[in-house]
Amino acid sequence: MPELRVGDRCWQVAAGSDLLDALNQAGCRIPFSCRAGSCQACLVRCLEGEPADARPEALDPLRRAQGWRLACQCRVVADLRVEAFDPRRDGMPAEVAAADWLAPDILRLRLRPERPLRYVAGQHLLLWSDQGVARPYSLASLPGEDPWLEFHLDCRAAGAFCARARHLLPGDGLRLGALGGGALRYEPDWQERPLLLLASGTGLAPLWSLLREALRQAHSGPIRLIHLAREPAGHYLAEPLRALAARHPQLSVELPCAADLPAVLAEFRLVPRRTLALLCGHPERIEGVARQLYLAGLPRSNLLAEAFLPHAP
Ligand SMILES: Cc1cc2nc3c(=O)[nH]c(=O)nc-3n(C[C@H](O)[C@H](O)[C@H](O)COP(=O)(O)OP(=O)(O)OC[C@H]3O[C@@H](n4cnc5c(N)ncnc54)[C@H](O)[C@@H]3O)c2cc1C
Ligand code: FES
């Protein structure tokens, strides 16, 4: 049986064991969220030995070269020595610049990192609370333009991170973990293509960044932005979206509520096949919308979807 080492501890595990489970069952308290290779919460650094990695492409090549691996995607096949991601050593400090409620349960957090962070619209970042809870959140800010990193947190459920975030005040500290490249992006050669941006709830965060990125790159094709919310109060960016649409005639904004969803889905049969659809938000909602667009004739390769998977118990 292979040996697993962390610090001074060394124990045997069954060959082929899931690395994340093996570490956590031994009490190492490695954080995790999606268990799907998406959130990057479960980073560990391999100091000796190499695990079998099911999704090497899920991590950027530089981090891989430094020995980092996503524990949820790795199996222990030979002796291995690892160390956990330590937010105090490996994370970047950031200060809360502002924490504002955009709707009764939607918190807009603006952070100032200690050093400039290079990112592109559509990426997500792991936020570490001072209590050691790590969760992924999409960047809503526009790189190179907004002087802060902006996040939109759905605080409806009494989750561990949101419980802390609710009480954050300007000047408080957080740590930034890994920057993840999600499924969402904007590419310069899309300029003339029709874009369909569909968000449910705080899935609007990365689309708010991507929409402004597309307009900054002088996107000339029609852009249709649909923001689904449970109720009207959930349309937390209604005013800035309408203001943007007033300045850009190629942009149309629709703000349906949950009850309007069947009508929205029925209309998808009119979506041109050249459309690029960027979807983000609640996993079931996004899966349903993607299925409907596919059935309406949109090629799968034109669909880019980011599901906000919750922390896996
Ligand atoms: C790539 C990616 C990007 C994301 N970006 C965003 C984003 O921009 N904005 C956003 O809002 N979310 C985003 N998410 C989702 C977010 O990371 C998760 O919802 C996260 O689990 C929330 O952390 P938490 O500690 O507050 O809740 P957790 O403690 O992780 O709880 C997760 C869920 O479990 C349930 N739960 C937990 N405790 C209780 C309780 N006491 N009572 C009832 N139910 C409970 C709730 O349904 C809760 O939502 C993203 C997820 C991924 C994978
Ligand atoms: S990437 Fe491993 S838990 Fe999300």
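**Around one arginine**

Setting aside neighbours within four places in sequence, Arg 110 is in contact with Glu 95, Val 96, Ala 97, Ala 98, Trp 148, Leu 149 and Glu 150, where contact means heavy atoms within 4.5 Å. Before going on, a word on the model: it is predicted, local features need pLDDT of at least 70, side-chain atom pairs count only at pLDDT 80 or more, and totals for chains, interfaces and linings use all residues, while side-chain values use heavy atoms, with hydrogens and water left out. As for names, residues are numbered from 1 along each chain as its sequence is written, and chains are lettered from A and ligands numbered from 1 in the order in which they are written.

Back to Arg 110, which sits in strand E10 (residues 106-113). Helices (H or I, at least four residues) and strands (E, at least two) are DSSP runs, numbered from the N terminus. Is Arg 110 buried or exposed? Arg 110 counts as buried because its relative accessibility is 17%; buried means under 20% relative accessible area, exposed over 50%, and partly exposed in between, with a 1.4 Å probe and protein chains only. One of its contacts is polar: the side chain of Arg 110 meets the side chain of Glu 150 at 2.8 Å. A polar contact is a pair of N or O atoms within 3.5 Å; within protein, one must be able to donate a hydrogen and the other to accept it, and residues adjacent in sequence count only if both atoms are side-chain atoms.

Next, look at charged pairs elsewhere in the model. The structure holds 23 salt bridges, each being a side-chain nitrogen of Lys or Arg within 4 Å of a carboxyl oxygen of Asp or Glu. In one of them, Arg 69 pairs with Glu 50, with the closest N and O atoms 3.0 Å apart. This pair links distant parts of the chain, 19 residues apart: Arg 69 is in strand E6 (residues 68-70), and Glu 50 is in the loop between strand E4 (43-48) and strand E5 (52-53). Arg 69 is buried, at a relative accessible area of 6%, whereas Glu 50 is partly exposed, at 41%.

Another pair joins Glu 287 to Arg 291, their closest N and O atoms being 3.8 Å apart. Both residues belong to helix H8 (residues 283-295), where they are 4 residues apart, about one turn of the helix. Glu 287 is exposed, with a relative accessible area of 52%, and Arg 291 is partly exposed, with 47%. There is also a network of salt bridges, which links Arg 45, Glu 83, Arg 89 and Asp 90.

From charges we can turn to a histidine. His 235 is in the loop between strand E16 (223-228) and H6, and it is buried, with a relative accessible area of 10%. Not counting residues up to four places away in sequence, His 235 touches His 227, Leu 228, Ala 229, Leu 255, Pro 256 and Cys 257.

Cys 155 is in no disulfide, for instance, and its nearest cysteine sulfur, that of Cys 162, is 3.7 Å away. Cys 155 is buried, with a relative accessible area of 1%.

Finally, take a look at the ligand. Ligand 1 is surrounded by 20 residues, the closest being Arg 135, Pro 136, His 152, Phe 161 and His 311; a residue is near a molecule if one of its heavy atoms lies within 4 Å of it. The side chain of Arg 135 has an N or O atom 2.8 Å from an oxygen atom of ligand 1. On the backbone side, an N or O atom of Phe 161 lies 2.6 Å from an oxygen atom of ligand 1, and a polar backbone atom of Ser 138 is 3.1 Å from an oxygen atom of ligand 1. Taken alone, ligand 1 exposes 950 Å², and the protein buries 72% of that; accessible areas come from the Shrake-Rupley method with a 1.4 Å probe, and for residues only the protein chains shown count as cover.

Definitions and conventions: Disulfide = S-S within 2.5 Å.
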